[in-house]
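Open the model in your viewer and keep the selection tool ready. This tour goes stop by stop.

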Amino acid sequence: LDTLEKWVTEIFSEIPNNGLPKPSFGHLTQPFDTPEFHKLYRVVPIRKVHSLSITWALPPQEQYYRVKPLHYISWLVGHEGKGSVLSFLRKKFWALALYGGNGETGFEQNSTYSIFSISVTLTDEGYKHFYEVAHVVFQYVKMLQKRGPDKRVWEEIQKIEANEFHYQEQTDPVDYVESLCENMQLFQKEDFLTGDQLLFEYKPEV
């Protein structure tokens with residue numbers, strides 16, 4: 001560690017600190033508030049696959065990294081057990097897989113907006129009924145909205161993420177350093193190592 005610290009000090013102390021704050025684009029709100037965003041687009045795929053993607057543009061959520069509200073919603077949307085969207089769609093032979101979520105960095109989450117997407121891999125029969133599939137997805141989201149947050153579910157996610165964090169495999173050192181440098185731009189100092197993985201605070205209003 002002493003050697004590594006010496007190397008880092010030698011190399012990075014040469015970089016001047018201009019004392020400027022991190023740039024913020026928070027004043028550029030609602031970038032997707034255009035007629036083009038509220039449309040259905042049909043794209044012909046290269047591979048033989050049917051996929052339905054529904055995308056919402058939300059207010060920026062990065063300041064809520066200790067709560068991770070989008071992670072909570074994606075957990076429920078992506079659930080595959082009894083009573084889930086995917087379970088219902090599979091019984092109809094309309095879908096093979098379903099994924100919902102937000103990448104939590106870069107294009108999907110920043111100081112201007114956050115993206116939340118739900119993607120459904122459809123069967124040939126599901127493609128014929130994609131309007132109904134979309135309707136089911138919206139019904140499920142509406143149900144979650146009516147029920148409101150569930151602390152038991154949030155704590156379950158918190159425990160699972162904590163276990164995965166504590167027992168994760170060692171990553172490539174270069175990738176790990178790159179990840180930490182990115183975290184330093186996003187989180188408080190005490191959360192550099194954990195802010196992108198762990199859930200810290202249950203705040204149902206968020």
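Select Glu10. At 45% relative accessibility, Glu10 is partly exposed (buried is under 20% relative accessible area, exposed over 50%, partly exposed in between, with a 1.4 Å probe and protein chains only). This is a predicted model, where local features need pLDDT of at least 70, side-chain atom pairs count only at pLDDT 80 or more, and totals for chains, interfaces and linings use all residues. Residues are numbered from 1 along each chain as its sequence is written, and side-chain values use heavy atoms, leaving out hydrogens and water.

Glu10 and Lys6 form a salt bridge, with the closest N and O atoms 2.8 Å apart (a side-chain nitrogen of Lys or Arg within 4 Å of a carboxyl oxygen of Asp or Glu). Both lie in helix H1, 4 residues apart, about one turn of the helix (helices are DSSP runs, H or I, of at least four residues, and strands are E runs of at least two, numbered from the N terminus). Lys6 is partly exposed too, at 49%.

Next, select Glu201 and Arg66. Their closest N and O atoms are 2.9 Å apart in a salt bridge. This pair links distant parts of the chain, 135 residues apart: Glu201 sits in the segment after helix H7 (173-186), Arg66 in the loop between strand E1 (50-58) and H2. Glu201 is partly exposed at 27%, and Arg66 is partly exposed at 24%.

Arg152 is exposed at 54%, whereas Glu156 is partly exposed at 35%.

How many salt bridges does the structure hold? The count is 7.
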